[in-house]
Amino acid sequence: MKELKYEFYIGGTPEQVWACLVSPEYVQQIYYGSIIRSSFKEGELLEYVGPGPEGEEIVHVYGTLLEYTPLKHLCFTHKVGPAYLKEGQENYESRISWRLEPVGGCTKLSLIHDQWHPDDPSYEPSDSAWWHVLSNTKTLIETGHTLDFGSNK
């Protein structure tokens, strides 16, 4: 089964990294203008909502919160929002797991995006997008700014 796995060392505390993953004002900066909506209660809905192609608010990604251990672990199922599906297309589910670990004076941020269906068309776009999200997370924490990827993202 396919798996996307990334590890970044970030010059910040676990509290700073965690804020980037769950606080709407930081999430919006690293996730292309989307915010995270969730009660952060296991078994409940988690969604990333933000501007769509025409500026309207759409659900980009949603799922069920599987595990929430503040400053350590965030895990949820992943499905793309309806706007990303072609008519009659299956909406496959995968899983996203974030792990934080203090290492010396920095934080190790691990992301595993797994449990992919072999036919899921969002695998390749996710691999590209995760590099942007993770690079933005690291840069935001270390410099206070995100990266300029141009108009493509």
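Author: K108 counts as buried, because its relative accessibility is 16% and buried means under 20% relative accessible area (exposed is over 50%, partly exposed in between, with a 1.4 Å probe and protein chains only). This is a predicted model, in which local features need pLDDT of at least 70 and side-chain atom pairs count only at pLDDT 80 or more, while totals for chains, interfaces and linings use all residues. Residues are numbered from 1 along each chain as its sequence is written, and side-chain values use heavy atoms, with hydrogens and water left out.

K108 belongs to strand β7. Helices (H or I, at least four residues) and strands (E, at least two) are DSSP runs, numbered from the N terminus. Contact means heavy atoms within 4.5 Å. Apart from neighbours within four places in sequence, K108 has contacts with E7, F8, Y9, R99, L100, E101 and V103. K108 and T13 are 95 residues apart in sequence, yet their C-alpha atoms lie 9.5 Å apart in space.

Strand β7 covers residues 106–114, and S110 is found there too. S110 is buried, because its relative accessible area is 13%. Once neighbours within four places in sequence are set aside, S110 is in contact with Y6, E7, S97, W98 and R99.

R99 leads on to the next strands. R99 in β6 stands opposite H73. Strand β6 takes in residues 94–103 and runs antiparallel to β5, with 6 bridges joining them; two strands pair if DSSP finds at least two bridges between them. Strand β5, residues 73–80, is mostly covered, with 7 of its 8 residues buried. Another 6 bridges join β5 to β4 (residues 57–69), and these two strands run antiparallel. Y68 has L74 in β5 as its bridge partner. Between β4 and β5, which form a hairpin, there are 3 residues, and L71 in the turn has a positive phi of about 70°.

N136 is placed in helix α3, residues 123–143. N136 counts as buried, because its relative accessibility is 4%. Not counting residues up to four places away in sequence, N136 touches Q29, I30, T146, L147 and F149.

Now the chain as a whole. The chain has 3 helices and 7 strands, in the order β-α-α-β-β-β-β-β-β-α from the N terminus. Buried residues are 44% of its 153 residues. Of the contacts with a separation of 6 or more, 47% are between residues 24 or more positions apart. The radius of gyration of the chain is 15 Å, which agrees with the value near 15 Å for a compact globule of 153 residues; this radius is taken over C-alpha atoms, and the globule rule is 2.2 Å times the number of residues to the power 0.38. The C-alpha trace spans about 50 × 30 × 30 Å along its principal axes.
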